[in-house]
Each structure stands twice: as structure tokens, then as C-alpha cells.
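Q: Could you take me through this structure feature by feature, giving the general idea of each term before the case at hand?

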Number of protein chains: 2
Amino acid sequence: MTTTLNGQSLINGEWIAGTEGDVRAVDPSTEENLDPVFTLIGPDQLDDATRAAEQAFPEYSATEPGARARFLDRIADNLDACRQDVVDRARRETGLTEARLNGELTRTANQLRLFAGVVRSGAFHRVRIDPAQPDRAPAPRADIRQRMVPLGPVAVFGASNFPLAFSTAGGDTASALAAGCPVVFKAHNAHPGTAELVAQAIHEAVTQEGLPGGTFSLVYGPGAKIGQRLVADPRITAVGFTGSRSGGLAIARTAFERPSPIPVYAEMSSINPVIVLPGALGSAASLAEAFVGSVTGSSGQLCTQPGLVFVPEGPGGDDFVNRAVEHIDASSGQTMLTPSIATSWASGVENLSGQDGVDVIARGGDGEGANAPGPVLFRTDAETFLANGELQKEIFGAASLIVRYAEPSRLEELITALEGQLTVTVQAAPSDRDDVATLLPRLERLAGRVLYGGWPTGVEVGHAMVHGGPFPATSDARTTSVGTLAIERFLRPVAYQDLPEDLLPAPASDANPWSVGQSVDGK
Amino acid sequence: MTTTLNGQSLINGEWIAGTEGDVRAVDPSTEENLDPVFTLIGPDQLDDATRAAEQAFPEYSATEPGARARFLDRIADNLDACRQDVVDRARRETGLTEARLNGELTRTANQLRLFAGVVRSGAFHRVRIDPAQPDRAPAPRADIRQRMVPLGPVAVFGASNFPLAFSTAGGDTASALAAGCPVVFKAHNAHPGTAELVAQAIHEAVTQEGLPGGTFSLVYGPGAKIGQRLVADPRITAVGFTGSRSGGLAIARTAFERPSPIPVYAEMSSINPVIVLPGALGSAASLAEAFVGSVTGSSGQLCTQPGLVFVPEGPGGDDFVNRAVEHIDASSGQTMLTPSIATSWASGVENLSGQDGVDVIARGGDGEGANAPGPVLFRTDAETFLANGELQKEIFGAASLIVRYAEPSRLEELITALEGQLTVTVQAAPSDRDDVATLLPRLERLAGRVLYGGWPTGVEVGHAMVHGGPFPATSDARTTSVGTLAIERFLRPVAYQDLPEDLLPAPASDANPWSVGQSVDGK
């Protein structure tokens, strides 16, 4: 595999120069442009990509489990093989540390392998069989079989903050490919070189497995313009997106206004409340240290960063807050992903600083280089928080708001006032059990993941993970963008009535050559 | 149980007179008004209903499987107990036959019992457990458990054409209640008395089981006005709807425009194409007879009525068409559901009659009484069909369009030109196998149910049924409104990280007191 960057889009298995201008990556720590130039595609070239995806669909969606799983494994292996090149380029394009990026690459490769396992196990076909009952009165029952089929070509948008795990070969792409859907991937213009390197690894796997060129396309385009066109393209059947609330809502609207609307899985906005209960304050020192670590890691640029903490009033809570202040004051900024993200963060901080009743209580030092502002900690009280919706706005980066509350009986009102979240975390001791039990039904309605202890910034990739949650955390709370359940976003059920055995799709047939699970009469 | 009609809405367990005017049912066979007057609720009364549903949610959603299943069984038993009253009233309000309504009531009761079984089996919790790995390197893994939780209060709209199975205690209500969601049901003003009788049966079950009054409310309102307000209500978390495309789209738009959008499951519009392949013409006579039976049953007012048939050119196809013409000509109209549905049907027939290249080739006689127009059969050729989208418009009632095609190789183009459908049916013999195999991937993309032989108008209620399909058949192809998978429309996943055993929800706990299936590490 070559790891030279060509600055082109990958359309239908060919590297193609774009016709609509160009863009270069920027090293956020120096604000210097990086080579090479990446050309941006125009509408006709986008049509080529979606047409190729549509043409690839019949063959790709019909791949047998072994071949489809091997394809996913190959992508993972190819990524591992160019690990150092990918990490080096991503480091320069994002300012993220080598350790973080190495971990993210491992996560991305293992995520592909996890979905390969899902494909092999075949549980996602969810086959249900209601056998014929020819002698039933008053009318016989037909043979009816249900399975899940892939939707069709899927558009995926790369995230700014995860150049690997939520980008080119990230969770949306991996789950769509596992479902049998070709992918048209719109690169994030903040890390185009990383996108190309990963696309090379995917392209190599497509070639190795002899799959149609349209199985995976990578496109660079003028951001919103080509993105909106991609979502509006009649050949696209679903969208995966991770990014801002405004970006996700714009995509959701385009998808809704289409002559034939399609599902949008947009992961958008969350401040990930943490509820510190009195019992947890016995270890206020270690709790505060871990909290600040979760707030400041990856410069706070994580969807699950804890941007809101409810802390009891009184000496125990004071101790927690004072220690958090010490850690924030002692911290220093890390390079943020892009100059514009740093600017947005600064304006969010300024906005929150200016709200009545909100105080800045700690501020770290700026880090080395450009775009590395010091983390900020805010404080307010419950009444102020309840009275002002501005205090719920996500500040993407290292900032968090502490809300002091008088007693646990106030928490239900505070929680009910919150918008939907990806996560909610309870810090508690056994002595808080009754309070947690009382709050739990509210927490389930609030978020896609409920943590007891620990911090939300680690998102395990497994079978049970939910990285999702009620609006505006996502545009569709019925699913997850991390973990194996994510495959179901790109599937729909079809029933087959009285189809002869030799015409039935393999997983729904009596022969069941893939040995998938089949539920018969609901058992 | 009393079966006297009071003409009031059921809000939070109380029968309440509405404040916004009134409506009376009409016997469509005579156009006479029926007693009593049904009063229509205003906005404040609607708020009372949704508030009661929200208040009921914590208690109702926490019901144990035995209690929730018993509640559903009770509704079924209570319906059986007032069967004759319900059937008599529904007959007068809809013009449907007693046999059809008796069958529909049985179906409705059995559907409730089927969902009671689903609740008892517990598979819908879909529990996944990724156990902790405290010794994993480089970082330990937390204990993560996933289960499905109910969304919250659900709004259900009654269908005009199924006063029982898709109305008050129909599939949407049954699946929402099974999921743990309280229901606010908006009655269809065409059969208000039937709605009240069924609501009495549900109310009785709520009382018998000691459930909160807000578990189920029935409201009568000025159609679109109160309906749109119900969908926009912030307490409502999902919508079930069966009706027209324009009605479904209006609801979907309101749901999308909310500050917090919600899912809409609207079953809207389908013409249910039937593809007659040459081999099937060996039994052209019986095929034609069954076809006309499927077109004209229930006066054609079924979502799965076959409104489009592709028939080969040549003598075999001629024979089928000629026999279908004979049967239609010999048929007579049955009373349609409402005068306005009959008017819509007539204008659809007039519109299609006026399209270039479309001929009326058969027409039955008008039936007795008002609103019983004779069924109509149209014919055109493939080129005309491909050139004019008007020919795909649903005509709700007994009418169907025959499209003659030259040879099976033309079918792919014809099928690809179709909008999404609830069903697609292939009439074929073993000699057509290769053609069916070639078409099958297209059929899967076209519809939610693929039939081989038989007719689509029977929709079995079971585990494997899909009554759904791509837009505009429904607003959400990822699910079904008939069959047990329908429960998933009202659920979303939540993950619990490191929750102590004594705080874990029952189905996700190690103790697993409900003995539900638990998938551990994906197995």
C-alpha cells in the first residue's frame, strides 16, 4: 500500500481530482498549511459517487457472511499496516497526541473486527418464521418469514473530533458496511490527509476482495454545499453524522424535505451531567481529580465530556469544588482541533461568563503553540440554572459548569429541566442508594447511558454500549452510534409469504446455510 | 360493563363532555345521522389527557410482566364480552358486514393476547450484557448492560377503514401498551360510537387492574386541529397513524418541527402491485376470480388492496384480463365507509379515466343504498404507465389498473419506477423461477412484504409479519404496524454502566427475576 497523499477523491474505485476548488489541512498548533492540496468535487462528481454506490448495492448487499466479514477484517489489517503514517498525519492535522491517536486507531480497527464478528454470527438478520398452518380454521395460515435487509447506499459524515473512530472507517462506516450498505463518505476538511490514508486502506480491501468500486467512496467537497446535496441525493437511503447541533439539524431537515425522506442518525449535542450525591464526597479529592481529567482530556473535545456537575452545598461539596479549582488552575491548555473550534469554544466561554449568577472559579494556563486555551470551570446555583436555558448550551472543549444544590430532593426538578443527553453519571456511595433509586427512572428518560461512578468520556465499543440518547443528543434516540446495535440503523424488515425454499433468502430458508438464529413462532 | 353510549371523551379515567362543538356518526348506507351526539374536546381538555398520560408513565412503565400482560388480556376479554354491541354499532357506522366485523373483533382481541404473550416472554427487552473485565489491559472494562425502555406517552390515531383492528384497541395501541407506554387515542370521527364501546372495554381493564387513569385516554376532537395539537404536545413521545398520505405527511411535519422532534409511524399509501408471470396464466380463470375478490372485498378499502397488476401480453394474459372483466362487470358495489371516502374514490376513478392511454375495461353495478359504487377495472400498457406518475396514485376503494407488459425482461424497469409499497405479489409457476430470482432483490427494496402466490389483502397477525415498507407506504420503513415487531417502535435502548445489582432494572440484573433472555458478550 502506498501512503503518498494524492489529494483526490475516491469515486467508484478511482482517484479523481475535484473540479470545485481546493482545501489544505492546517496544523492547529502552528496554523501552518500542510501539503498536499486537496481538490473538492462538484455536483456531477458527487452524482458519480452515489451512482456507483447504487450500482454496487446489489452485489455488495448479497455478499455472503464470510466474504463481508473478511472485507471488514482486511480494512482493519490494512489500517494496522499503515498505522504510523496515519497517526503521524492525524497528529499534524488535529493536534491530538500520538498516544490518543494510537489508541483511536486500535479502537477503529477493533471496531471493524467486532462488526466482522457480528456479520459472521448473523444475529442481525433477526429471522422470524411463522410456519404455514394449512389446516387452521377458519382460514389456513401462510408461511411467513421475516428478516432484516440493508437499506441501500449510506452517506457518512466525518467528525472533527475523532479523525479515525468516527470518521472514514469509523463506527458509522463499519456498521453500514456490516449491514450490507455501500458508503459514500464525506471527509471532514479539517483532516483530509488522514481521511485519504484511511480510504486507501479501505480501497485496498475492496480490491483485495474483488468488491465493486462503488462499495466505498471518499469525497472532499465544499462543506455544507456538497454535504446537503449528498443527503438530498435520491440514491442515498440513510445518513450517519457526528458533529454540531446546527449541522445535524440542517441535515435532518434536508432529509425530511426530500420527496422520499430518509433516516438521519445525527449525534449532535450533549453536556453529560454528573450528579454528585453526598455519599460520594467521602473521596472528594480523588473524585475532583478524576473529574478534571475527564473535563480536560483531548482538550475537552469529546461528545461525552462532562460539562455540567451537580454538587451538594455544604463542606463536603466545598471540598470537591475547591480541589477541582486547584486542578483546573494547575492545568494548561492542549491544542484544539482547529482554529475555528478554538474560536467557538472561546465564544461559548465568554457567553457563559456573562450570564447573571455564573462565576468563573478556575482557569488553567494557555498551552504552548496556537489554539491551546486554558480549561475553565464555572459555578452557579440551582435557581440560576433552572431560570436560564443558556446555561445548558454545550461548550465544545475544556469547560464545565458546577451547579450547587441544597439537597437530593431538589435533583428531580433539576434533571427534569435538562435537554436529552448522551450520558448521565451518578457519583454515589451505598448510603445514597434510595436517592439513586428514586432518580433512576428520570435518568433513563434523560440519556442513552447511565453511569454509576466512573466518567462518561470512555465509550467502550461492545455489544451493550449505547452512544445515543434523546434529542438533542441525537436526532434519533431509538439507536446508538457506538456498539454492535448500531448495525440496525441501516436495516429494515421484510416479510416473505409462501416463497418456495429455493427462492428464500439464505438466512430465512429452512436450509439456513449461514446457520443464523431463527425464531419460530416467537420462540 | 355498560354499553350505553355517553358521547364523551375518556380523560384520566373520567368521562368528560367536550367544549368544542360536537359530531354525530353517519350511517353511510342511508346517510342518516346516528345517536348520540359526541362532544369534541378543546385544547385544555387535550392537555388534561396528555398530562394524565405523562403522570401515568412512571407507574405504568414499571408494571411487571405479569400485570401488564394481564391488563392486555383483560382488554381482550372485555372486548369479547361486548362483541355483539360493538359489531352492531360498527356495522351501522361503517357499512362493513357483520362477518367482516366479527372477524376484525376476533383479530383485535387476539392481537392483544399476542402482545400479552410478548410481554410475558420478555424478548423485547433485548438485554445485552458485557461483563466487567477488571484485569483487561491497557484499561479495565466496566460492566455495561443494555435494555430497551419505553419512550413515554404515545398518540394513536384511529383508521377509517378498520374501526377495530387499527383503531381504539388496535395494533398501535396494543403494541404501545405492551411496550409500557400510556396511550392517548384520537378517535376517527367516522366511527365514534365504536371507539367509545372499545374504550369502555379498555377503561374497565384499567380499573380492574388498578392502573393509573392516564394509562389510556380516548379523545374526540375537531379532526386535524386537535390532532395536530396532540402531535405537537411536548409530553407525547411517538405517534401511530393509519390513514391518508396527506394526513400522514401533515403529522410527520408537525412532529419534525417540534422543538424536540419525535418518531411518527404513519401507514399511508400503497397500491400493492401484483406481478403476473407467464407460468401463472395456466390457471388464469381461478387467478382472475381471486384477483377480483381481493380488489372488491371490504369495498376495496384495505391498505393492501391490489390496485396495480402487471399482466403479460398475449393470449394467456388476454384470458386473465377477460375473465377479470367478466367478474368485475358481474360485481356490485358495497357500501363504502363514509360519503367522503366514496366521493374521493369517485374523483380518483375520474382522474385515472381521464389519463391518456388508460381505458376503463369493466365496471360493476352500483350496490343498494347510498355510497356503494360499482368496482372499476382499468387497463393501460407499460409505456403509458412509465410515462405518467398519475397512474401510481392510490384510489382508495374497489378499483385496479392492469398494465400489460411484453415480456418479463421489462419488469425490472417497471418495478424500479414504482414508489414504495406495503406489499408486492408475484403470481408464478415453477417455470418462472429464474425471472422471480432476478426480480427478488428489486421486490425487497420496493415493499415490506413479498408474496409468492396468494393475495395481499390478508394481513396475518404474527411474529414474522411486516405491514410496513418504504415511503410513501409508510413514513418509517424500519418497522411494521402489524405483528409483534411493532412493539419496537415504542422502545429505545439504554445502557447502564457499573450499576450495582440492587439498582439494576429487573430484566438487566443478574437475578433476572422475569427470566428474560440475556445476551452476554454478544452470545
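A: Let us begin with how the copies are related: chain B can be laid on chain A with an RMSD of 0.0 Å by a turn of 180° and a shift of 0.0 Å along the axis, where copies are superposed by least squares on the C-alpha atoms of residues with pLDDT of at least 70 in both. The two copies are thus related as by a two-fold rotation axis. Phe256(B) is the residue of chain B that comes closest to this rotation axis, with its C-alpha at 4.0 Å. This is a predicted model, in which local features need pLDDT of at least 70 and side-chain atom pairs count only at pLDDT 80 or more, while totals for chains, interfaces and linings use all residues. Residues are numbered from 1 along each chain as its sequence is written, and chains are lettered from A and ligands numbered from 1 in the order in which they are written.

Q: How many residues of chain B are in contact with chain A, and which elements give two or more residues to that side?
A: Two residues are in contact if their C-beta atoms, placed from the backbone, lie within 7 Å. Here 55 residues of chain B are in contact with 54 residues of chain A. The elements of chain B that give two or more residues are β7 (127-130), β8 (144-150), α14 (433-446), β20 (447-452) and β21 (491-497), helices (H or I, at least four residues) and strands (E, at least two) being DSSP runs numbered from the N terminus. Of these, α14(B) gives the most, with seven residues. Because 98% of the interface residues of chain B are also interface residues in chain A, the copies meet through the same surface.

Q: Which strands form the open sheet, and in what order?
A: Two strands pair if DSSP finds at least two bridges between them. In this model 11 strands form an open sheet with mixed pairing, in the order β22(A)-β7(A)-β8(A)-β21(A)-β20(B)-β19(B)-β14(B)-β15(B)-β18(B)-β17(B)-β16(B). At the edges stand β22 (518-520) of chain A and β16 (359-363) of chain B, each with a single partner strand, so one side of each is left without a neighbour in the sheet. Between the chains, β21(A) and β20(B) pair in the parallel sense over three bridges, and the bridge partner of Tyr496(A) in β20(B) is Val450(B). Three bridges likewise join β20 of chain A to β21(B), and these strands run parallel, with Val450(A) opposite Tyr496(B).

Q: Is Arg478(A) buried or exposed, and which residues does Arg478(A) touch?
A: A residue is buried if 20 or more other C-beta atoms lie within 10 Å of its own, exposed if 12 or fewer, and partly exposed in between. Arg478(A), in the loop between β20 and β21 of chain A, is buried, with 23 other C-beta atoms within 10 Å. Not counting residues up to four places away in sequence, Arg478(A) touches Pro263(B) and Arg492(B).

Q: At what angle do α2(B) and α4(B) pack?
A: Axes are lines fitted to C-alpha atoms, for helices over the stretch in contact, and angles run from 0 to 180 degrees between N-to-C directions. Helix α2 (residues 65-81) and helix α4 (residues 98-121) of chain B pack at about 170°, with their axes 8 Å apart. That makes α2(B) roughly antiparallel to α4(B), angles under 35 degrees counting as roughly parallel, over 145 as roughly antiparallel, 65 to 115 as roughly perpendicular and the rest as oblique.
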